[in-house]
Amino acid sequence: MLAVALLLFVFGLGLGVLLNSLADNLPPDANDLRHPPRRPRCRVCGQAHAPANWLALAALVRHRGRCEHCGAPRPTRAVVVELAAGGITAGLWFWGARAGLPLVETVAVYLAALVFVQGCLLITVIDIEHRLILWGVVWPLALVAALTGAALPGHGLTKTLLGGIAGYALTLGIFVLAELYARGLQWLRGQPLDEVAFGGGDVNLAGLIGLAVGWPGVLLSLTLAILLGGLYSLGFIVVQLLRRRYTPHSAVPYGPFLVLGALTIYLFGKDFAVWMAGR
Ligand SMILES: [Zn+2]
């Protein structure tokens with residue numbers, strides 16, 4: 001048991017290196033250029049790290065977290081993502097095994113969850129750092145979520161597709177209403193209309209989440225996301241008011257809250273349903 005957990009954790013650290021490389025290279029850089037995923041390299045001197053230092057965790061131990069070429073500190077995010085990816089890879093195995101399904105099905109459920117949850121980790125990192133949810137990240141994950149949701153025990157084709165459509169359509173509706181509200185407010189005040197600040201990436205992400213958690217879980221998942229995002233925004237406004245620096249409509253990235261709501265329902269939705277039924 002412990003050996004399996006350890007082995008999966010180490011494999012997950014390797015996945016973390018891949019996720020870090022994707023998070024470094026997929027979003028457009030300062031010159032609006034995109035790179036294909038490359039070997040881990042220093043952000044300051046640009047040189048590729050030696051393979052023994054690809055793992056930021058190893059560089060933390062061997063070079064106190066500094067680049068072996070120029071001595072610049074390596075980003076903390078790399079270590080955090082590696083540890084998170086390792087923990088997810090090991091933890092999901094035990095999550096998948098508790099249903100007591102035959103081994104082949106357990107492995108299939110595990111792999112589907114591994115792709116979705118690690119994908120959510122990547123989306124969260126890029127959204128926090130760039131305020132971007134990349135279509136190139138969302139669509140492959142959506143394809144995997146649709147295929148595995150249709151094939152694996154749990155949802156089936158109808159609930160999977162219905163979840164995806166509902167997630168996409170509901171979020172689109174919320175954003176259109178918010179946009180109309182903002183424009184109406186500007187019109188009443190006689191201000192010129194801003195460019196549309198439409199969260200298209202969030203709508204795509206909600207579609208992916210709907211495919212993964214299925215119908216009707218997507219409703220609960222979105223409700224949770226709105227509640228968590230609302231609480232965060234409220235706290236944010238209170239802190240700003242206390243510092244006397246309140247600026248309305250400060251952009252909050254919604255992606256992390258959508259992900260948080262989705263993971264809660266994806267991982268623990270069944271326990272929640274059983275608990276509700278037992279009351
Ligand atoms: Zn360097």
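In this predicted model, arginine 131 is partly exposed, with a relative accessible area of 49%. Its place is in the loop between helix 4 and helix 5, and its phi is near 55 degrees, a positive value in a residue other than glycine. A positive phi is also found at arginine 64, where the angle is near 50 degrees. Arginine 64 belongs to the loop between helix 2 (56-63) and helix 3. With a relative accessible area of 74%, arginine 64 is exposed, since the cut-off for this class is over 50%.

Helix 4 (103-130) and helix 5 (135-151) each contribute at least two residues to the lining of the largest cavity. The structure holds one cavity of 30 Å³ or more, and the space in the largest cavity comes to about 40 Å³. Its lining consists of Ile123, Ile126, Asp127, Leu132, Ile133, Leu134, Val137 and Val138. Helix 4 provides the largest share of this lining, with three residues.

Cysteine 45, in the loop between helix 1 (2-25) and helix 2, and cysteine 70, in the loop between helix 2 and helix 3, form a pair that links distant parts of the chain, 25 residues apart. Cysteine 45 is partly exposed, at a relative accessible area of 31%, and cysteine 70 also counts as partly exposed, at 39%.

Turning to the aromatic rings, the count comes to six aromatic pairs. One of them joins tryptophan 95 and tyrosine 266, whose ring centres are 6.0 Å apart and whose planes meet at 20 degrees, so this pair is stacked; the stacked class takes planes under 30 degrees apart. Because tryptophan 95 lies in helix 3 (residues 76-97) and tyrosine 266 in helix 9 (residues 255-277), the pair ties together parts that are 171 residues apart in sequence. Tryptophan 95 and tyrosine 266 are both buried. Ring pairs also bring Phe116 into the picture, linking Trp95, Phe116 and Tyr266 into a cluster.

Another aromatic pair, that of tyrosine 232 and phenylalanine 257, is tilted, with 5.2 Å from centre to centre and 50 degrees between the planes. Tyrosine 232 sits in helix 8 (residues 217-242) and phenylalanine 257 in helix 9, so this pair ties together parts that are 25 residues apart in sequence. The two partners fall into separate accessibility classes: tyrosine 232 is partly exposed at 42% relative accessibility, whereas phenylalanine 257 is buried, with a relative accessible area of 12%.

Finally, the backbone shows a cis peptide bond between tryptophan 215 and proline 216, where omega is about 0 degrees. Proline 216 is located in the loop between helix 7 (200-213) and helix 8.

Key:
Residues numbered from 1 in each chain as written. Predicted model: local features only at pLDDT ≥ 70, side-chain atom pairs only at ≥ 80, totals over all residues. Heavy atoms only, no water. 1 Å grid on protein atoms, 1.4 Å probe; cavity = no way out; pocket = protein on both sides within 12 Å on 5 of 7 lines; lining within 4 Å. Points joined across faces, edges and corners; volume = space filled by probe spheres on them. Helix = DSSP H or I, 4+ residues; strand = E, 2+ residues; numbered from the N terminus. Phe/Tyr/Trp six-rings, centres within 6.5 Å; stacked < 30°, edge-to-face > 60°. Buried < 20%, exposed > 50% of the residue type's maximum accessible area, 1.4 Å probe, protein only.
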